[in-house]
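Thank you for making time this morning. I would like to walk you through one model, slowly, for those of you who have not seen it before.

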Amino acid sequence: MDKTYFPKAAEITEEWFLFDAENQNLGRLATTVAGILLGKHKPDFTPGMDTGAYVVIVNCGKIQVTGKKLDDKVYYHHSNYPSGIKAITLRQQLAKHPDRVLKAAVWGMLPHNKFGRQVIKKLKLYAGTDHPHAAQKPTTLTVTKE
């Protein structure tokens with residue numbers, strides 16, 4: 001009988017990856033980042049176990065989208081008061097809080113449970129080119145069109 005391999009905590013290595021979001025497609029970048037956060041790029045991937053890496057994304061405000069999504073895509077949130085619904089378009093969100101656009105896209109591709117909330121904390125987003133994670137020596141990656 002074959003036994004299922006389950007990685008131990010000491011066997012999991014921390015990796016750091018850096019993505020430049022300038023002129024990248026929002027969906028393609030979010031899909032790639034979600035897979036790395038979950039650890040699907042590793043041979044010892046185990047569902048439900050945090051084997052993923054840390055991801056740093058810079059230039060979040062320079063992300064690209066196709067079609068008319070800049071004006072048609074709307075983000076909603078509610079204040080929990082009567083008639084407290086708020087709406088903001090993708091164009092306004094990119095101008096005001098560009099990091100929230102990528103965080104929402106990646107969060108939509110992660111499990112919506114305790115494990116997903118743990119994994120999303122490994123995502124570090126910055127609107128500009130500077131980031132404070134140079135000491136971790138992140139490996140620069142690019143998204144390829146497949």
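This is a predicted model: local features need pLDDT of at least 70, side-chain atom pairs count only at pLDDT 80 or more; totals for chains, interfaces and linings use all residues.

Let us start with helix α4, which runs over residues 98–107 and in which Pro 98, Val 101, Leu 102, Ala 105 and Val 106 are buried. These residues cover an arc of only 125 degrees around the axis, which puts them on the same side of α4.

On the α1 side the contact is made by Leu 26, Leu 29, Ala 30, Val 33, Ala 34 and Leu 37, while α4 contributes Val 101, Leu 102, Ala 105 and Val 106.

Now to the charged side chains, where the count comes to three salt bridges.

One of them joins Glu 15 and Lys 42, whose closest N and O atoms are 3.9 Å apart. Because Glu 15 lies in the segment before β1 (16–20) and Lys 42 in the loop between α1 and β2, the pair ties together parts that are 27 residues apart in sequence. Glu 15 is partly exposed, at 29% relative accessibility, whereas Lys 42 is buried, with a relative accessible area of 12%.

Another links Lys 122 with Asp 50, at 3.2 Å from N to O. Lys 122 sits in the loop between α5 and β5 and Asp 50 in the loop between α1 and β2, so this pair ties together parts 72 residues apart in sequence. Are these two residues buried or exposed? Both Lys 122 and Asp 50 are buried.

Finally, Asp 71 and Arg 91 form a salt bridge in which the closest N and O atoms are 2.9 Å apart. Since Asp 71 belongs to helix α2 (residues 69–72) and Arg 91 to helix α3, the pair ties together parts that are 20 residues apart in sequence. Asp 71 is partly exposed, with a relative accessible area of 47%, and Arg 91 also counts as partly exposed, at 43%.

How values were computed:
Residues are numbered from 1 along each chain as its sequence is written. Side-chain values use heavy atoms; hydrogens and water are left out. Buried means under 20% relative accessible area, exposed over 50%, partly exposed in between (1.4 Å probe, protein chains only). Helices (H or I, at least four residues) and strands (E, at least two) are DSSP runs, numbered from the N terminus. The arc is that of the directions from the helix axis to the C-beta atoms. A salt bridge is a side-chain nitrogen of Lys or Arg within 4 Å of a carboxyl oxygen of Asp or Glu. Contact means heavy atoms within 4.5 Å.
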